[in-house]
Amino acid sequence: MTRLFGEPVPRREDPRLLTGQGRYLDDLGQGALAAAFVRSPHAHAGIVDIDLSAAIDVEGLVAVYTWEDLPERVGAPLPLLIPHPALTHGRTAYPLARDVVRHVGEPVVMVVARDRYVAEDVCSLIRVDYEVRKPVVGVPEAAAGAHLVHEDVPGNVGAHLVQEVPAADGRSAAQAVEDAPHRLTFRLGIERSASMPLEGRGVYARWDADDRSLRVYSSTQTSTSVRMALAARFGLPLPSVEVIAPDVGGGFGVKIVHPWPEEVLVPWAAMLLGREVKWAEDRREHFVSSAHERAQEQTVRVGFDDEGRVLGLDVTILHDHGAYTPYGIIVPIITSTQLLGPYRIGAYRVEFSSLYTNTVQVTPYRGAGRPQGVFCMERTMDRIAAHLGLDRTTVRAANFIQPGEFPYDQGLIFQDGRPLIYDSGNYPESLRLLKELIGWDDFPARRAEAAREGRRLGIGIGCYVEGTGVGPYEGGHVQVTSDGRVHVSTGLTSQGQGHETVFAQIAATELGVPLERVSVVTGDTRRFGYAVGTFASRAAVMSGNAIALACRKVREKALRIAADALEADPGDLEVADGVVRVAGSPGASIPLATVAVLANPLRYAFDEETGRATQFAAGAGMDRPPVDEGEEPGLEGRDYYSPIRSTYASGMHAAIVETDPDTAEIRILRYAVVHDCGKLINPMIVEGQIHGGVAQGVGGALYERMVYDGHGQLLNASFMDFLMPYATEIPLIETAHLETPSPLNPLGIKGAGEAGVIPVSAVIASAIEDAEGIVIDRMPISPSELFDLRRAPAPG
């Protein structure tokens, strides 16, 4: 078998993308009409009147729509995608605001014009009268409940959930904390941020009135789900709707929401007007009208013994989910369950309240609740170590789940509704590798040497476990054509993960063909109509295994057909370099291309003696016995993979930072990562995923935050004011890989897409605290904030 699985094959996508040959949403539909939106300038207000009089005579204007112009189905509230029993007051927005706006940037009026310039001019001439109301901004104000985001949601609480795992002797977590020899109580906070893909959202739609079919291009992470949503909204048969994700310039979670208001309104306008219509989000729109994440306030009570073993942990979380909950409460559920990390906790109770605020809605962003949970757990481990005077790695090692304890049941329910059971891992070995990679044991000498030079150095660590490959399913279709090429398709979409490469590696390995003979299509409902989407580090696990299963169907059929042609037993055959041959007899062989021809018999001769038809394959020049009764023609296979539960990747990061004694500037000197995502399909691509994730994590730890004022105005809604790290701020990232294969899927793989970002805030906080001797309990942290902490009086 051709071995390409596990090789660092260069990304096949890159030559096309790096030479400007990518096709992104805004590269399409150059002659289309352009849409633009009047968006609310207020965080909370009633809509009194919309005056179009100054706008209707503008040359090039085609149409203007408000909520009142929308048909019932089109104007209905957007779907709540993931309901949950704890989400007792879920609320979603209308495609265009009806009566009330609840955050700055909410769409109120849609304008369609000859081009975007005209559309924006018309937007500026439309006058909307508002009755401004008191906004609710931030977790403390939401929790106070004095003012409401939604009048029918008491206390602004959209959801409330408690999960608890008692101690082995039945004691509650609260009692276990109370009975412990040592106890600590403290508060932590993570501020709001956002994913900021290079390309914003966008939609381009074409309506064919002759056959009543709709084609939509969307910069989405779930083309199949957008297709189904649009078919339902417009009352169209599903086969009459096509949705295609072209090249997508980053997603990081924000594009998994569906349908966005614009994904409903742009196709509807195209159908109504009989013209192509396009909308591409500008940067300010992305800041104020897409989605954010991260903001949480956490209260921790922990009890532990003299060795640092956690006997009881009680965590309360207040989560800010913004003005609406289109994606349910996935983020706080993940925080509350993934908080446990690689540790065996004596008793655990977690309670969260998910709160409405008059700010942009919160949906998953790379890491999806895990950075908050890891920050909580790892800060707790560091507090325990400081209290006992122990090395931070010693405390972690004392709490690790051991390799012989897998599968390990944490006793909770994960985001997929299934038990939180870790499938495999080796956390002590990961810690050993990390300490070796970063030079943990040698660091005191390095710190002392730096101190003699007047420099402040600190070292930090963070550990995590990441649930990946969540269900319910993905599918794959594999076809070998008569030229010997292999065509692979799957329904989920790509936003830079390297799917075109890794899926081709899987197919080439399974079928024994050269990599260059394999093509891959993703995110095109014309090729594959059913899928869930690209999120939660699931693409490789889900579609990768589905493609492997489909390839195995193709391989089995190919060997059976070739065995007939070669008069051999299928068990004696192998496939290599696109040729089926008898093992040990290379002369007895048949190209896979010929097998594909034989799999599609087109002509028949009647055998009067037997009364049966003999089949002749076009162009093959040979006859063969009939194919099995009921067998489909063609050398192709389709299969789906549905897991019994998630797989759990893991990793540990460490960093050495330097803090300037005068300016409090924070500089990362070294960063090390040990990661375990099971078997590696392509180590180079995994490295790239980790590097990109760490860079995003550094942004979240030191630079990126959404700053709202008391009126609900986002004060830094541009790249001039929203800080992001440059390449100069990202250190060389040193990596090591541990492979503990997952027993849950045929390929033994786990997800890797989000791993790099998850523990970074915890790691950097740990390192700064080590350098400064000051407790760090909120992230991100800036030099000015560190400077102020230095000057603040010591607690107690």
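Modeller: Let's start with confidence: pLDDT is the predictor's own confidence in each residue, on a scale from 0 to 100. The protein chain averages a pLDDT of 94, and 96% of the residues score at least 70. Residues 604-608 fall below 50, although that stretch has twelve contacts in the model beyond near neighbours in sequence (a contact means heavy atoms within 4.5 Å). Another stretch with pLDDT below 50 is 617-622, with 13 contacts beyond its near neighbours in sequence. Where pLDDT is low, the predicted coordinates should not be read in detail.

Some bookkeeping: this is a predicted model, in which local features need pLDDT of at least 70 and side-chain atom pairs count only at pLDDT 80 or more, while totals for chains, interfaces and linings use all residues. Residues are numbered from 1 along each chain as its sequence is written, and side-chain values use heavy atoms, with hydrogens and water left out.

Now to the part you asked about. Three strands form an open sheet in the order β4-β2-β6, with antiparallel pairing. Helices (H or I, at least four residues) and strands (E, at least two) are DSSP runs numbered from the N terminus, and two strands pair if DSSP finds at least two bridges between them. β4 (100-101) and β6 (127-132) stand at the edges with a single partner strand each, so one side of each has no neighbour in the sheet.

Look at β2 (residues 45-51) next: its antiparallel pairing with β6 runs over six bridges. Within that pairing, Ile47 stands opposite Tyr130, and Gly46 has Glu131 as its bridge partner. Two bridges join β2 to β4, again antiparallel, and here Ala45 stands opposite Val101. In the loop between α2 (72-75) and β4 you will find Asp99, whose phi is near 75°, a positive value in a residue other than glycine.

Phe252 sits in the loop between β11 (241-244) and α7 (261-273). Most residues other than glycine have a negative phi, and most peptide bonds are trans.

One runs from Phe406 to Pro407, with omega near -5°; Pro407 lies in the loop between α11 (392-399) and β16 (408-413). The other runs from Met779 to Pro780, with omega near 0°; Pro780 is in the loop between β32 (778-779) and α19 (783-791).

There is a hairpin to compare with your sheet. Strands β23 (residues 579-582) and β24 (residues 585-591) run antiparallel and are joined by four bridges. Val582 faces Ser585 across the pair. Two residues lie between the strands, and Gly584 in the turn has a positive phi of about 85°.

As for charged side chains, the structure holds 54 salt bridges (a side-chain nitrogen of Lys or Arg within 4 Å of a carboxyl oxygen of Asp or Glu). One of them joins Asp382 and Arg379, with the closest N and O atoms 2.7 Å apart. These residues are three apart in helix α10 (residues 370-388), so about one helical turn separates Asp382 from Arg379.
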